Amino acid sequence: RTWERLWHYAKVMHNALTLENASAFFYKNLYGNDDALVSLPDDEHYVVNPEYYAFKHYTAFIEQESIRLVVSTEESGVFISAFASASADKMTLVILNENADAVTLNMDFDSISIISGEIYSSTRKGKKCEKVGNFEPADDRKQFEVDGESITTLYLDYVSPYGVRDSAYHMNFHNGQMTSYSDSGNWHNR
(Lines give C-alpha, C1' and ligand atoms only; values in the text may rest on other atoms or scores of the structure.)
Protein backbone atom coordinates (compact mmCIF):
# COMPACT_ATOMS: atom_id res chain seq x y z
CA ARG A 1 0.00 0.00 0.00
CA THR A 2 2.96 2.35 0.60
CA TRP A 3 3.99 2.32 -3.08
CA GLU A 4 0.43 2.90 -4.28
CA ARG A 5 0.10 5.99 -2.07
CA LEU A 6 3.50 7.36 -3.19
CA TRP A 7 2.72 6.69 -6.89
CA HIS A 8 -0.79 8.14 -6.69
CA TYR A 9 0.40 11.37 -5.13
CA ALA A 10 3.26 11.78 -7.64
CA LYS A 11 0.74 11.31 -10.47
CA VAL A 12 -1.62 13.87 -8.89
CA MET A 13 1.24 16.38 -8.74
CA HIS A 14 2.31 15.60 -12.32
CA ASN A 15 -1.24 16.11 -13.61
CA ALA A 16 -1.75 19.33 -11.64
CA LEU A 17 1.50 20.84 -12.92
CA THR A 18 1.27 19.65 -16.54
CA LEU A 19 -2.35 19.07 -17.51
CA GLU A 20 -3.94 21.70 -15.28
CA ASN A 21 -1.05 24.20 -15.65
CA ALA A 22 -0.91 24.87 -11.91
CA SER A 23 1.81 27.37 -11.05
CA ALA A 24 2.06 26.12 -7.46
CA PHE A 25 1.19 22.98 -5.53
CA PHE A 26 0.45 22.95 -1.82
CA TYR A 27 -0.12 20.18 0.70
CA LYS A 28 -2.53 21.02 3.49
CA ASN A 29 -0.48 19.65 6.40
CA LEU A 30 3.28 19.31 6.63
CA TYR A 31 2.98 17.58 9.98
CA GLY A 32 0.13 16.58 12.24
CA ASN A 33 -2.46 13.82 12.15
CA ASP A 34 -2.64 10.89 9.75
CA ASP A 35 -3.32 13.03 6.66
CA ALA A 36 -0.07 15.02 7.01
CA LEU A 37 3.17 14.44 5.11
CA VAL A 38 4.75 13.63 8.48
CA SER A 39 2.39 12.13 11.06
CA LEU A 40 2.87 12.74 14.77
CA PRO A 41 1.18 9.79 16.51
CA ASP A 42 2.37 10.93 19.95
CA ASP A 43 4.77 13.38 21.59
CA GLU A 44 7.87 11.22 20.99
CA HIS A 45 7.45 9.64 17.54
CA TYR A 46 6.88 10.62 13.95
CA VAL A 47 6.04 8.73 10.76
CA VAL A 48 7.12 9.94 7.31
CA ASN A 49 4.17 9.11 5.05
CA PRO A 50 4.55 7.95 1.42
CA GLU A 51 3.13 11.21 0.05
CA TYR A 52 6.14 13.03 1.52
CA TYR A 53 8.50 11.23 -0.88
CA ALA A 54 6.31 11.99 -3.90
CA PHE A 55 6.21 15.63 -2.82
CA LYS A 56 10.00 15.61 -2.38
CA HIS A 57 10.61 14.46 -5.99
CA TYR A 58 9.25 17.85 -7.04
CA THR A 59 9.78 20.30 -4.20
CA ALA A 60 13.36 19.41 -3.26
CA PHE A 61 14.61 20.06 -6.80
CA ILE A 62 12.36 22.62 -8.51
CA GLU A 63 13.54 26.07 -7.53
CA GLN A 64 11.34 29.06 -6.83
CA GLU A 65 10.45 31.00 -10.01
CA SER A 66 11.27 28.00 -12.23
CA ILE A 67 9.71 27.78 -15.66
CA ARG A 68 7.87 24.62 -16.67
CA LEU A 69 9.17 23.17 -19.90
CA VAL A 70 6.87 21.40 -22.32
CA VAL A 71 7.91 17.75 -22.55
CA SER A 72 6.08 14.89 -24.18
CA THR A 73 6.65 11.24 -24.86
CA GLU A 74 4.82 8.59 -26.82
CA GLU A 75 6.20 5.91 -24.52
CA SER A 76 3.13 4.22 -23.03
CA GLY A 77 2.95 4.47 -19.24
CA VAL A 78 5.72 7.09 -18.98
CA PHE A 79 4.96 10.63 -17.80
CA ILE A 80 7.59 13.38 -17.85
CA SER A 81 7.59 16.91 -16.49
CA ALA A 82 10.52 19.32 -16.71
CA PHE A 83 11.41 22.63 -15.12
CA ALA A 84 14.25 25.13 -15.66
CA SER A 85 15.46 27.48 -12.97
CA ALA A 86 15.04 31.20 -13.55
CA SER A 87 18.83 31.50 -13.32
CA ALA A 88 19.07 29.21 -16.39
CA ASP A 89 21.55 26.80 -14.87
CA LYS A 90 19.43 24.02 -13.30
CA MET A 91 16.93 21.71 -14.95
CA THR A 92 14.71 19.19 -13.17
CA LEU A 93 13.05 16.30 -14.97
CA VAL A 94 10.57 14.13 -13.07
CA ILE A 95 9.90 10.84 -14.87
CA LEU A 96 7.09 8.53 -13.78
CA ASN A 97 7.16 4.98 -15.17
CA GLU A 98 4.06 2.95 -14.33
CA ASN A 99 5.23 0.00 -16.46
CA ALA A 100 6.42 -3.14 -14.66
CA ASP A 101 9.52 -3.19 -16.88
CA ALA A 102 12.31 -0.64 -17.22
CA VAL A 103 12.11 1.82 -20.12
CA THR A 104 15.08 3.31 -21.96
CA LEU A 105 14.74 6.95 -22.98
CA ASN A 106 17.07 8.37 -25.61
CA MET A 107 17.45 11.97 -24.54
CA ASP A 108 19.05 14.49 -26.86
CA PHE A 109 19.25 17.94 -25.36
CA ASP A 110 20.52 19.43 -28.64
CA SER A 111 21.65 23.03 -28.01
CA ILE A 112 21.38 22.61 -24.25
CA SER A 113 24.64 21.33 -22.77
CA ILE A 114 24.17 19.16 -19.71
CA ILE A 115 27.23 19.53 -17.50
CA SER A 116 26.36 17.07 -14.74
CA GLY A 117 23.55 16.05 -12.48
CA GLU A 118 22.14 13.79 -9.85
CA ILE A 119 19.59 10.97 -10.06
CA TYR A 120 16.98 10.30 -7.35
CA SER A 121 14.56 7.39 -7.36
CA SER A 122 11.54 5.92 -5.62
CA THR A 123 10.49 2.40 -6.58
CA ARG A 124 7.91 -0.19 -5.75
CA LYS A 125 10.86 -2.24 -4.45
CA GLY A 126 11.36 0.19 -1.57
CA LYS A 127 13.50 3.18 -2.58
CA LYS A 128 12.08 6.47 -1.34
CA CYS A 129 13.52 9.49 -3.19
CA GLU A 130 17.05 8.22 -2.66
CA LYS A 131 20.09 9.43 -4.56
CA VAL A 132 21.00 6.50 -6.80
CA GLY A 133 23.76 8.03 -8.90
CA ASN A 134 25.12 10.86 -10.99
CA PHE A 135 24.00 11.86 -14.46
CA GLU A 136 27.12 12.06 -16.62
CA PRO A 137 26.28 13.03 -20.22
CA ALA A 138 28.36 11.86 -23.14
CA ASP A 139 28.42 14.32 -26.05
CA ASP A 140 25.13 15.83 -24.77
CA ARG A 141 23.34 12.59 -25.69
CA LYS A 142 22.30 10.07 -23.11
CA GLN A 143 20.41 6.83 -23.10
CA PHE A 144 18.79 6.73 -19.74
CA GLU A 145 17.09 3.70 -18.26
CA VAL A 146 14.16 4.32 -15.95
CA ASP A 147 13.32 1.46 -13.58
CA GLY A 148 9.94 -0.20 -13.84
CA GLU A 149 7.31 1.11 -11.43
CA SER A 150 9.39 4.09 -10.43
CA ILE A 151 9.57 7.82 -9.98
CA THR A 152 12.90 9.28 -11.07
CA THR A 153 14.11 12.85 -10.68
CA LEU A 154 17.04 14.15 -12.71
CA TYR A 155 18.51 17.30 -11.16
CA LEU A 156 20.79 18.67 -13.88
CA ASP A 157 23.33 21.46 -14.26
CA TYR A 158 23.20 22.89 -17.78
CA VAL A 159 24.19 25.78 -20.00
CA SER A 160 22.26 27.14 -22.94
CA PRO A 161 23.00 29.81 -25.53
CA TYR A 162 19.35 30.89 -25.25
CA GLY A 163 18.93 31.29 -21.49
CA VAL A 164 15.40 30.72 -20.23
CA ARG A 165 12.49 32.74 -21.59
CA ASP A 166 8.76 32.53 -21.13
CA SER A 167 8.45 30.20 -24.10
CA ALA A 168 11.49 28.27 -22.83
CA TYR A 169 12.23 24.90 -24.39
CA HIS A 170 9.76 22.38 -25.66
CA MET A 171 11.11 18.84 -25.79
CA ASN A 172 9.35 15.96 -27.53
CA PHE A 173 10.18 12.32 -26.98
CA HIS A 174 9.08 9.81 -29.63
CA ASN A 175 9.33 6.20 -28.53
CA GLY A 176 11.73 7.43 -25.92
CA GLN A 177 13.70 9.53 -28.46
CA MET A 178 13.62 13.32 -28.43
CA THR A 179 12.55 14.20 -31.95
CA SER A 180 12.38 17.97 -31.84
CA TYR A 181 12.84 20.93 -29.58
CA SER A 182 11.83 24.54 -29.66
CA ASP A 183 13.51 27.69 -28.49
CA SER A 184 11.52 30.89 -28.63
CA GLY A 185 8.70 29.08 -30.39
CA ASN A 186 10.78 28.00 -33.42
CA TRP A 187 10.64 24.24 -33.96
CA HIS A 188 13.73 22.30 -34.99
CA ASN A 189 13.40 18.71 -36.21
CA ARG A 190 15.91 16.08 -35.21
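Analyst: Happy to; here are some labels, each set against its definition. This is a predicted model, in which local features need pLDDT of at least 70, side-chain atom pairs count only at pLDDT 80 or more, and totals for chains, interfaces and linings use all residues. Residues are numbered from 1 along each chain as its sequence is written, and side-chain values use heavy atoms, with hydrogens and water left out.

User: What makes Glu 51 and Arg 5 a salt bridge?

Analyst: The term asks for a side-chain nitrogen of Lys or Arg within 4 Å of a carboxyl oxygen of Asp or Glu. Here the N to O distance is 2.9 Å. Glu 51 lies in helix H2 and Arg 5 in helix H1, so the pair ties together parts 46 residues apart in sequence. Helices (H or I, at least four residues) and strands (E, at least two) are DSSP runs, numbered from the N terminus.

User: What is Arg 5 called, with a relative accessible area of 26%?

Analyst: Arg 5 is partly exposed, because its value is 26%.

User: How do you know that E5 and E6 pair?

Analyst: Two strands pair if DSSP finds at least two bridges between them. Seven bridges join E5 to E6, and the strands run antiparallel. One example is Ser 81, whose bridge partner in E6 is Val 94.

How values were computed. Buried < 20%, exposed > 50% of the residue type's maximum accessible area, 1.4 Å probe, protein only.
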